[in-house]
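Here is my note on this model. Please read it alongside the structure.

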Amino acid sequence: MADKRFHLAWFMNFTPDEWREPFGQGGNPWDGQFYIEMAQAMERACFDLIMIEDKLMVPETYGGSRDLSLKHAMMVPKADPAPLAVAMGMATKNLGVVATMSTMAYPPFMLARLSSTIDSLTKGRFGWNVVTSAEDLMAKNFGMDQLPPREDRYAMADEYMEVVGKLFDSWEPDAVVLDRKNGIYADGSKVHTVDHDGRFYKVRGPLNTVPSPQRRPVYLQAGASPRGRDFAAQHADAIVSVANGVEGMKAFRADIRARAEKIGRNPDEIKVFFCITPSLGETEAEARARYENVTMSDNFATDVLISISAITEIDFAQYDLDKPLPEKLVTNGESGTLDKFQQWGSGKTLRQLAADGGGGLVSSMELIGTPAQVAEKMGEAMAEVGGDGFLITTPVLRVSRRYIAEICDGLVPELQQRGLVRTEYKHQLLRDNLREF
């Protein structure tokens, strides 16, 4: 019998939780304990991984000032995901932990060393969400006046992946000898310089960490443009996507698999996670009312537009919330996010676009209802798409204990009863769990 299970992951970030709401933590989670407990809840529900998003600047695009971002705690403050990944990994035994780190910010040697270290600390459960960054404000924090054009960023990223790959392989698998009798810890003949001298990077190597359990972290990527899809098909173990309905999900997955086959990769080694934002209630009417109450509020619209403005570098404060956008917009920032958000030609008002968009992390399909109804829809969709899994998130990446409980104690048991998701972990390494089915 064919295995009909699909994978589950969660997308969040190290920022204030749902601080304005009655079931929030109050916006002061900086010791990480709230998120550590969140990771433990994900593990109890047998999620494959939890992924931490990141940005490296204080947004100033919306309204031409940083004031509104700070007032709403939208994309700022934001703490470093790598230490949180370690904390979550040390507090769990099976859950994969994934940190977002930018190729524009970390020298290849530092990223490879950090990733190797975290993979060892988590016993082979670390993943790296590969991003090139898309904000000029970020560039100004790292010695640049502005970001290179998108195509150059991908060319740099391709070489970057080549360099870190060489670094991860700079120690042969059996280089660590641990021969106490002869006093040999590592065999120097099996540790090699990489001597990379390319267009963008020059790195001697070797890495000064021992090979980690996975040798390299699991690579996640979220490219939506044709160039981004090529990059993901070349490098990623898992791909994050926002699709437009079941047909869009099916088309995206087929496209990625075709690109992988074209370059000689086994497409089954690449798992596509489709973003969803389930809205749950004891009845469908309750779930829909809760959804509309949140998404049509002024606070929600502002939060979304602050986020969209930051990553597209377009000031949406200049447009009327209750009118359609007057023109089709273009950007050197995250163009795929912008295209999905503006839905050009739909006639929707900016408020409606914000409700749909949720900061660029729209639900790939509408999932509003009871846990049983939502589980049924997820199973039907994945059966039609063919795989591989869902990445659960919230519209503006804020989360409460209430929502975590609704997913882990309401939705996941319904999925498990239908045989749609795992009920136990069978492997130690994150990569092996992803490839189990």
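1. Basis. The model is predicted: local features need pLDDT of at least 70, side-chain atom pairs count only at pLDDT 80 or more, and totals for chains, interfaces and linings use all residues. Residues are numbered from 1 along each chain as its sequence is written, and side-chain values use heavy atoms, without hydrogens or water.

2. Helix H1. H1 covers residues 33-44; helices here are DSSP runs (H or I, at least four residues) and strands are E runs of at least two. Phe34, Tyr35 and Ile36 are among its buried residues, buried meaning under 20% relative accessible area with a 1.4 Å probe, protein chains only. Their cover includes strands E1 (7-13) and E2 (49-53), and helices H3 (81-90) and H14 (401-417). Just after H1, cysteine 46 has a positive phi of about 65 degrees.

3. Lining of the second largest pocket. H9 (284-295) gives the most, with five residues. Strand E12 (279-280), helix H10 (298-312) and H14 each supply at least two.

4. Aspartate 54 sits in the loop between E2 and helix H2 (67-72). Its relative accessible area is 13%, so aspartate 54 is buried. Beyond four places in sequence, aspartate 54 touches Lys78, Ala79, Pro81 and Thr100 (heavy atoms within 4.5 Å).

5. Tyr154. Tyrosine 154 belongs to helix H6 (residues 150-168). Tyrosine 154 counts as buried because its relative accessibility is 9%. Its contacts, leaving aside neighbours within four places in sequence, include Ser225 and Phe231.

Methods
Expected span 1.5 Å × (residues − 1). Buried < 20%, exposed > 50% of the residue type's maximum accessible area, 1.4 Å probe, protein only.
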